[in-house]
Number of protein chains: 2
Amino acid sequence: MSEDLTAPGGAPTLDEVARLAGVSRATASRAINGGHRVSPRALTAVEEAVRTLGYRPNPAARSLVTRRTDAVALVVPEPDERVFADPFFGHTLRSVNRVLDERDLQLVLLLARPGEEGRLLRYLSRRNIDGALVVSHHRHDRLAEHLSGLGLPAVFVGRPWAAVQTLSWVDTDNVAGGRLAAQRLLDGGRRRLATIAGPADMAAGADRLAGWCEVVEGAGLSASAVRRGDFTESGGLAAGRALLAEHPDLDGLFAASDLMAAGALRALAEAGRSVPGDVAVVGYDDLEVAERTSPTLTTVRNPVGEMVERATRLLLDQLADVGEREPEQVVFPPALVSRDSA
Amino acid sequence: MSEDLTAPGGAPTLDEVARLAGVSRATASRAINGGHRVSPRALTAVEEAVRTLGYRPNPAARSLVTRRTDAVALVVPEPDERVFADPFFGHTLRSVNRVLDERDLQLVLLLARPGEEGRLLRYLSRRNIDGALVVSHHRHDRLAEHLSGLGLPAVFVGRPWAAVQTLSWVDTDNVAGGRLAAQRLLDGGRRRLATIAGPADMAAGADRLAGWCEVVEGAGLSASAVRRGDFTESGGLAAGRALLAEHPDLDGLFAASDLMAAGALRALAEAGRSVPGDVAVVGYDDLEVAERTSPTLTTVRNPVGEMVERATRLLLDQLADVGEREPEQVVFPPALVSRDSA
DNA sequence: TTGAAAGCGATACCAA
DNA sequence: TTGGTATCGCTTTCAA
């Protein structure tokens with residue numbers, strides 16, 4: 001009776017590969033993981049066996065001994081409509097995925113409903129993943145503190161509020177971006193300025209506003225015309241209406257996201273204001289929407305794709321030499337993109 | 001010397017829990033997994049030990065023996081801008097997540113670039129996940145065939161092209177939806193009808209068009225004014241322009257998605273047509289965008305949230321009694337939502 | 001370069 | 001109800 005090399009039921013195991021290749025399990029394992037310290041002869045035999053059997057290592061078994069999972073989490077602390085409707089999120093997803101694909105890592109999506117961070121942290125601490133990428137971080141979610149406490153490799157996209165030195169993060173210089181927007185309006189001769197700022201509990205919201213105020217006040221003008229938006233179009237619409245009601249004479253408007261700027265454009269249109277004739281408008285992000293508004297948006301470019309890709313690579317670096325690595329912070333410069341609205 | 005109950009380095013293991021609780025590993029395991037066949041006394045002791053140690057089972061070890069991973073994949077065969085920009089996707093993500101959260105399952109996002117389905121299938125076949133949810137399925141991606149071959153529990157959102165009987169899926173009756181749209185325009189007295197259809201290689205695109213043609217031709221009118229769009233706003237804009245050029249006298253337009261309808265509205269505005277005065281417009285989906293266009297969109301409701309939630313529960317049912325379950329197909333009825341555009 | 005053997009941390013069978 | 005033990009499939013010393 002000839003030995004049956006294929007398991008009756010399940011997927012082929014390393015053992016079967018080894019038997020078919022005529023080597024030991026240890027050698028087969030080495031051959032599969034890089035092929036170091038394996039004779040060419042054995043290597044080919046194993047590769048051949050892997051191919052004919054259609055062998056794939058069992059990830060659980062591997063992970064049990066290596067203590068790696070080859071999975072990375074994308075943590076989104078606030079999974080409401082806003083996040084998914086925002087093109088920012090789509091870009092993020094694509095960029096993360098592009099990098100992970102290169103190394104055959106899997107992307108686990110972790111959405112934490114507000115107030116349920118505990119669940120998220122428990123999950124993270126179980127070490128079900130090798131590392132985490134955090135986006136859309138809010139001031140009070142304590143994620144930064146907890147992650148740095150956990151010792152789990154993590155990279156933030158967008159500067160975290162706390163533990164700024166001990167964490168790795170990637171961001172753009174949002175303060176400089178706010179300055180650029182203000183300067184553009186000033187250069188265009190606008191003097192009655194207003195802004196639709198982002199959420200106060202997000203670094204991007206606070207920083208863009210800070211840069212804006214700095215330049216506006218530096219020019220001897222008032223920076224008191226401020227409304228908060230939530231980065232959505234409808235938020236921008238509402239804020240735009242409110243600002244127009246309070247400051248009917250405004251001639252320059254900065255919205256801290258293109259989506260909000262699009263909403264503001266609608267508010268201006270409703271009110272019969274021409275853009276950029278009556279009011280010049282500057283947005284932020286430079287995502288597709290900026291080219292689709294009418295008029296098209298002059299905006300501050302936020303290099304989302306590059307940022308996220310860089311953040312992901314930073315995370316992979318940390319995973320590669322775990323523990324050894326100092327936290328890194330990378331700041332991308334913003335740039336003004338001129339179109340028709342200002 | 002007292003015995004050290006906590007491991008020096010890593011996370012606590014079941015062994016330590018058992019020792020602390022004064023029971024065997026087997027009993028501790030039972031206590032943790034449902035607590036059946038465990039005395040109340042032992043149960044409390046184990047629970048107590050788990051708490052003080054902060055014990056979390058090692059998922060890899062567990063998965064090695066149970067042969068479950070407690071993870072399900074969301075498979076998106078086409079991860080380009082379109083998918084992420086589409087609010088449909090955001091709804092899907094949220095709905096899936098809501099259901100998975102209930103059972104502590106994790107969501108693994110699998111994006112297959114066109115032409116790289118092989119990689120995806122290899123991954124799926126490695127059984128790194130317990131089941132798959134497939135959205136945005138295209139005619140030629142062979143996903144349906146392969147999945148049903150793999151024997152991996154899977155549920156499609158949107159009718160698959162092949163293996164319709166042997167797979168589980170959830171869909172709306174898109175043919176009926178197309179009929180509803182056509183009927184609405186006819187009822188409004190429109191006679192020169194055109195449609196912006198969805199991609200021909202997606203079931204939703206084909207079915208909505210089929211229903212449309214059925215009613216339009218049934219009324220003795222021509223259904224030859226058709227342009228294909230890719231479900232995006234810019235696609236709708238282009239298609240709208242083309243249709244207006246070819247059929248300057250059209251008075252009724254059906255777009256197979258709200259996003260395309262929004263694009264078409266822009267094309268109509270450009271051309272100086274009033275809506276619904278000159279041209280009545282009906283969209284499809286009834287996502288937020290339908291309420292944000294001007295005029296607001298009369299549209300066919302596509303219950304994405306319910307569909308996806310149902311699909312996810314179907315998948316969980318399959319996972320619960322694996323193998324035993326017959327494939328199920330669920331079809332939700334569409335409904336016309338009246339607003340201002342038609 | 002190779003292979004024997006010792007785990008990794010859980011679950012599940014079976015006898016007690 | 002309990003605990004001993006085999007087992008899951010792989011990686012990784014350690015000798016040879």
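Q: Which residues come nearest to DNA strand D?
A: Of the 29 residues around DNA strand D, the nearest are A:Leu14, A:Ala61, B:Ser24, B:Ala26 and B:Ser39. "Near" here means that a residue's C-beta atom, placed from the backbone, lies within 6 Å of the molecule or strand. Before going on: this is a predicted model, where local features need pLDDT of at least 70, side-chain atom pairs count only at pLDDT 80 or more, and totals for chains, interfaces and linings use all residues. Residues are numbered from 1 along each chain as its sequence is written, while chains are lettered from A and ligands numbered from 1 in the order in which they are written.

Q: Which helices each supply at least two residues of the surface near DNA strand D?
A: Helices and strands are DSSP runs numbered from the N terminus (H or I, at least four residues, for helices; E, at least two, for strands). In chain A they are H1 (14-21), H2 (25-32) and H4 (59-66), and in chain B they are H2 (25-32), H3 (40-53) and H4 (59-66).

Q: What does the surface near DNA strand C look like by class?
A: Sort residues this way: Ala, Val, Leu, Ile, Met, Phe, Trp, Tyr, Cys and Pro are nonpolar, Asp, Glu, Lys and Arg are charged, and the others, Gly among them, are polar. The surface near DNA strand C then has 13 nonpolar, nine polar and five charged residues.

Q: How do E2(A) and E2(B) run, parallel or antiparallel?
A: Strands pair if DSSP finds at least two bridges between them. Strand E2 (residues 106-111) of chain A is joined to E2(B) by three bridges, and the two run antiparallel. A:Val108 has B:Val108 as its bridge partner.

Q: Where does E3(A) sit, buried or exposed?
A: A residue is buried if 20 or more other C-beta atoms lie within 10 Å of its own, exposed if 12 or fewer, and partly exposed in between, with C-beta atoms placed from the backbone. Strand E3 (residues 131-135) of chain A has five of its five residues buried. Four bridges join E1(A) to E3(A) in parallel, with A:Leu74 partnered by A:Leu133. E3(A) also pairs with E4(A) in the parallel sense over four bridges, where A:Val134 stands opposite A:Phe156.

Q: Which residues have the most contacts inside the largest nonpolar core?
A: In soluble globular proteins, nonpolar side chains tend to be buried together. A nonpolar core is a set of buried Ala, Val, Leu, Ile, Met, Phe, Trp, Tyr and Cys residues joined through C-beta atoms within 7 Å. The largest one has 187 residues, and those with the most contacts inside it are A:Leu133, A:Ala264, A:Val281, B:Leu133, B:Ala264 and B:Val281.
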